[in-house]
Amino acid sequence: MNPLDNLLPRLATRAIRRYLVGADQRWVFEPPPQGWMPPRLERTSLYLHVPFCRNCCPYCPYNRIPYDPALVEPYTQAAIAEVDWWADTIGPAEIKSVYIGGGTPTLALDSIARVLRRVRERFRLTGDICIETNPADVDNETVQQLHAAGVALVSLGVQSFHPRHLAVLGRSYSPTVAEQALALLAESGFASINADLMFALPGQTASDLTADLARAAQLGANQLTTYPLFTFPYTSVGKYLRLTAVRMPDLRTRRAHYRAIGRWCAQHGFERVSVWGFKRDGVPRYSSVTRDGYIGIGPGAGSHLPDGFVLNTFDLNSWIDAARAGRMAVALRMAFAGQMSGWWWLYWRLYDTRIPLDDLDAVLGQDAPKARLWLRAVEQIGLAVRQRGHIELTEPGAFWLHLAQNHFALNYVNTLWTQARREPWPRAVSI
Ligand code: SF4
């Protein structure tokens, strides 16, 4: 890469984060220092990463490997061992929620049930269990296994009900399979059913999109999460787009799609719960990313601890070896300085589109006045409005602020994950 590439955005990013978070925060992930161990915790959440996929989608940025049934047992044993390692290290904490993602969790439901059993034995599990599911894997047996494992909130990765968009995404199931899977989940007694749908796909129109929303709602989804096609340089999307001679829609199209989603949801009783998420009927919210504090189990799983972020090795075999030997599988850590933890909290409240003002002082401490000043500026340019006790992003605010957030976050994720996928135990990665 030319060192002058993106020089201005990089300088701007550094200046902004230095102003907000302070000069003491080092934006570097590095191997944990000798003797470092996670602190004891009273309560946290848990993320379980299942890395297997039958269908390795070309656009996918996640840490996944082709499904091989022979790998499931070693994976399971390692995951159970890693649960034990965390329990021995942080203590028998309360687990406020469990999120199971991947990869494709529905390829390893027996394994997940065993890992959850160990979680219940070693921790106090009090919260809901959420899981991602794949249309091609959902049948009556899947539903029974999910209920038996105690799963309450289910998300189905529909992406689109249009065959040509599924083909662009390299998805192997047909719209009918996705429709049957969603209808089955919706009638199976889960507390919440989320449908993931993609927008800003090559060639997709706003009416394709609203037809997808309507179909998902008609089939029983009570939460809709819409997200654009991300383009990470390390995925094969660039190559893929060249191969098929299609291009991503421009910013104008993406804006129009976003507006169409908001309008459709407002007209059909779905309230906004995040930048991309909407729900109806007062069901519990299905959410993967907004938790404050969690421990991560699995290859490439991240943990958000009070003193920093840590990231497990991405390499399946290295992770299995470490976990089964009772060693720490953490490859990289970024320590928090100053009020970094509070700024991270604010970042996710912006994602929620709702910032509770009463919590600012407690969470951001001495940085709370700076945050208030910044939020007031956001209000003054019409990107947010003040309500009783909180600030709420307007529709343009949700779009533009998250576009900016996304720019930073995706750059960080891209830099970090590129290195983490290249070698099992990387040296320092500056973000
Ligand atoms: S998009 Fe989902 S199914 Fe496709 S490779 Fe990624 S995790 Fe697997």
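**A tour of rings and a domain interface**

Select K370 and Y19 to begin: K370 lies over the face of Y19, at 5.3 Å from the ring centre. Keep in mind that this model is predicted.

Next, colour the two domains given by the domain assignment. Domain 1 covers 13-26 + 339-422, and domain 2 covers 43-279. Their centres, taken over C-alpha atoms, are 25 Å apart.

Now show the interface between them. Here 18 residues of domain 1 are in contact with 18 residues of domain 2. The two domains bury about 1700 Å² between them, and carbon and sulfur atoms give 65% of that area. On the domain 1 side, select E395, F399 and R421: these lose the most area to domain 2, together 33% of what that side buries.

The rule finds one salt bridge across the interface of domain 1 and domain 2. Then turn to F399: R255 also lies over the face of this ring, at 4.6 Å from its centre.

Aromatic rings are the next stop. The structure holds 18 aromatic pairs. Select F314 and W417, an edge-to-face pair with 5.7 Å centre to centre and 65° between the planes. F314 sits in the loop between β14 (308-312) and α10 (316-324), while W417 belongs to helix α14 (residues 395-422). The pair links distant parts of the chain, 103 residues apart. Both F314 and W417 are buried.

Finally, select W276, F309, F336, W344, Y347, W348 and Y351, which form one aromatic cluster.

Notes. Residues numbered from 1 in each chain as written. Predicted model: local features only at pLDDT ≥ 70, side-chain atom pairs only at ≥ 80, totals over all residues. Heavy atoms only, no water. Phe/Tyr/Trp six-rings, centres within 6.5 Å; stacked < 30°, edge-to-face > 60°. Helix = DSSP H or I, 4+ residues; strand = E, 2+ residues; numbered from the N terminus. Buried < 20%, exposed > 50% of the residue type's maximum accessible area, 1.4 Å probe, protein only. Lys NZ or Arg CZ within 6 Å of the ring centre and 35° of its normal. Domains from an automatic or database assignment. Contact = heavy atoms within 4.5 Å. Buried area = accessible area lost by both parts, 1.4 Å probe. Salt bridge = Lys/Arg side-chain N within 4 Å of Asp/Glu carboxyl O.
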